[in-house]
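Please look at the chain shown below before reading on.

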Amino acid sequence: MSKKQHYNTDNQFYVIGNNAAKLDRDYNAYNRDSINENNLNEVRRNKAQRRVVKRYKYKLKFSLILCLTMVMCLIMIKTQFTVSDRCDNIAALENRLNNLKKNNKLIEESINTNIDLNKIYEVATTKLGMVVPSKNQINRLDVAQNSYTEQLTDITQPTQQNNDFNNIVSFILTKGR
């Protein structure tokens, strides 16, 4: 065993050294001359072949990763073009919708300005023979803003009848149902 030194400071005991047993080997005894040239060349050849295989594996992995990256880039570019094309279509449709709304407002305003209520009243009373209803003939209905009327059949214009009695009887009969 090797010499061990012991120190005692501040009531603590230190041992310098190790407890491992020393092996009786001579590490300098390895001689390079003992390996013949054939073995050395074979070892060198095997190492070179392993390097070539490693290079091919590395190149193959690199090529596959590069191809996969290119395919993913192409897919992303195609998706981006599709999205931008749809955005352009949406913008064009919104533009068209706004133009149609403007045209509808213009047509509605032109209709409202061209309507003459006095002329309508005159035509209704003189040509069509309509009469202003009395207060007990008017029925008010509360209709919601979103409500609409659906016409199921065509409205036909009745033939003019001068017989007031027939009109009164048919009115009474239809009121009774």
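## Burial and overall make-up

A residue is called buried when its relative accessible area is under 20%, exposed when the value is over 50%, and partly exposed in between, with a 1.4 Å probe and protein chains only. Of the 177 residues in this chain, 1% count as buried. The model is predicted, and local features need pLDDT of at least 70, side-chain atom pairs count only at pLDDT 80 or more, while totals for chains, interfaces and linings use all residues. Residues are numbered from 1 along each chain as its sequence is written, and side-chain values use heavy atoms, with hydrogens and water left out.

The chain contains 3 helices and 2 strands, where helices (H or I, at least four residues) and strands (E, at least two) are DSSP runs numbered from the N terminus. Along the sequence, these elements follow the pattern β-β-α-α-α.

Arg44 counts as exposed because its relative accessible area is 53%.

## An aromatic pair

Rings of Phe, Tyr and Trp (its six-membered ring) pair if their centres lie within 6.5 Å, and planes under 30 degrees apart count as stacked, over 60 as edge-to-face and the rest as tilted. The count by this rule is 1 aromatic pair. This pair is formed by Tyr58 and Phe62, and it is stacked, with 6.3 Å from centre to centre and 20° between the planes.

Both Tyr58 and Phe62 lie in helix H1, 4 residues apart, which is about one turn of the helix. Tyr58 is exposed, with a relative accessible area of 58%, whereas Phe62, at 48% relative accessibility, counts as partly exposed.
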